[in-house]
Amino acid sequence: MIELAGLTKRYGGKTAVDDLTFSVRPGIVTGFLGPNGAGKSTTMRMMLGLDHPTSGEVLIDGERYDRLRDPLLAIGALLEAKAVHPGRTAYNHLLCLAQSNGIARERIDVVLDLVGLGAVARKRPKGFSLGMGQRLGIASALLGDPRILMFDEPVNGLDPEGIHWIRNLMKRLAADGRTVFVSSHLMSEMALTAEHLVVIGQGRLLADTSMADFIREN
Ligand code: ADP
Ligand code: ADP
């Protein structure tokens, strides 16, 4: 469970995130919808403890982020799709991450299979495709077996098969009892992915409702 209370971020005179109060429950996929520039990434960065709020706070299972014992194991995140460094195998990328976070090496093959990279993980890529980079990013997020997962615009730039795969993965993670929070600027994508919807515009909360109610009322 993630709770935001009066979360606010100002950059100079501009308010990017304006007094957001809502919570994200475990067991379902919660969508975070808003046009580009609405403040989704800024909100998610604060939810991950990567950015300090100007005011307000984020609670993860009742704890402030800075008091969590193992934030990296509590929350997994996929922030943006990027091509993978061509000089390093997917396996070695995950190995470095596992070693620096005290995660058992056995988890590497588990997450590689989960994202469907088992067969290519030990090859030296000339450069993964965006979709493969995305899968490796997701493998990294899942490495510590976190109870909370956040995905910032995960389907941007992917082909239909990749989009379908990520959507199903998020649903499976939620069905396992995890808290899954995913942003998009596309209502059509959210409608196929999320059971609950939080909508923001210009940094402000516009809706916090079940997908069924949102569709009925809009
Ligand atoms: P979204 O993810 O919904 O597209 P963002 O959170 O990226 O929106 O941006 C929200 C607003 O905050 C935008 O107007 C953006 O220009 C502004 N913003 C984001 N990061 C910074 C920053 N580091 N400095 C100044 N303004 C920023
Ligand atoms: P270092 O970077 O310390 O030289 P390596 O990158 O060679 O270490 O690999 C560290 C460990 O990761 C190895 O012991 C091996 O078990 C595993 N590993 C790394 N790359 C591969 C690979 N291509 N195939 C199989 N195992 C690998």
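Mentor: A polar backbone atom of Arg122 sits 3.2 Å from a nitrogen atom of ligand 2. Taken alone, ligand 2 exposes 550 Å², and the protein buries 37% of that. The model is predicted, and these values are computed from it. Asn92 places a polar side-chain atom 2.9 Å from an oxygen atom of ligand 2. For Arg105, an N or O atom of the side chain is 3.3 Å from an oxygen atom of the ligand. The residues around ligand 2 are Arg122, Arg105, Asn92, Tyr91 and Leu95. Sorted by class, this shell has two charged, one polar and two nonpolar residues.

Helix 6 covers residues 160–175, which is 16 residues. From its first C-alpha to its last it reaches 23 Å, close to the 22 Å expected at 1.5 Å a residue. Buried residues in helix 6 are Gly162, Ile163, Trp165, Ile166, Arg167, Leu169, Met170, Leu173 and Ala174. An α-helix has 3.6 residues a turn, so residues three or four places apart point the same way. The buried residues of helix 6 pack against helix 4 (106–114), helix 5 (130–142) and helix 7 (187–193), and also against strand 3 (29–33), strand 7 (148–152) and strand 8 (179–184). After helix 6 comes Gly177, with a positive phi near 100°.

Terms used:
Residues are numbered from 1 along each chain as its sequence is written. Chains are lettered from A and ligands numbered from 1 in the order in which they are written. This is a predicted model: local features need pLDDT of at least 70, side-chain atom pairs count only at pLDDT 80 or more; totals for chains, interfaces and linings use all residues. Side-chain values use heavy atoms; hydrogens and water are left out. A residue is near a molecule or strand if one of its heavy atoms lies within 4 Å of it. A polar contact is a pair of N or O atoms within 3.5 Å; within protein, one must be able to donate a hydrogen and the other to accept it, and residues adjacent in sequence count only if both atoms are side-chain atoms. Accessible areas come from the Shrake-Rupley method with a 1.4 Å probe; for residues, only the protein chains shown count as cover. Ala, Val, Leu, Ile, Met, Phe, Trp, Tyr, Cys and Pro count as nonpolar, Asp, Glu, Lys and Arg as charged, and the others, Gly among them, as polar. Helices (H or I, at least four residues) and strands (E, at least two) are DSSP runs, numbered from the N terminus. The expected span of a helix is 1.5 Å times one less than its number of residues. Buried means under 20% relative accessible area, exposed over 50%, partly exposed in between (1.4 Å probe, protein chains only). Contact means heavy atoms within 4.5 Å.
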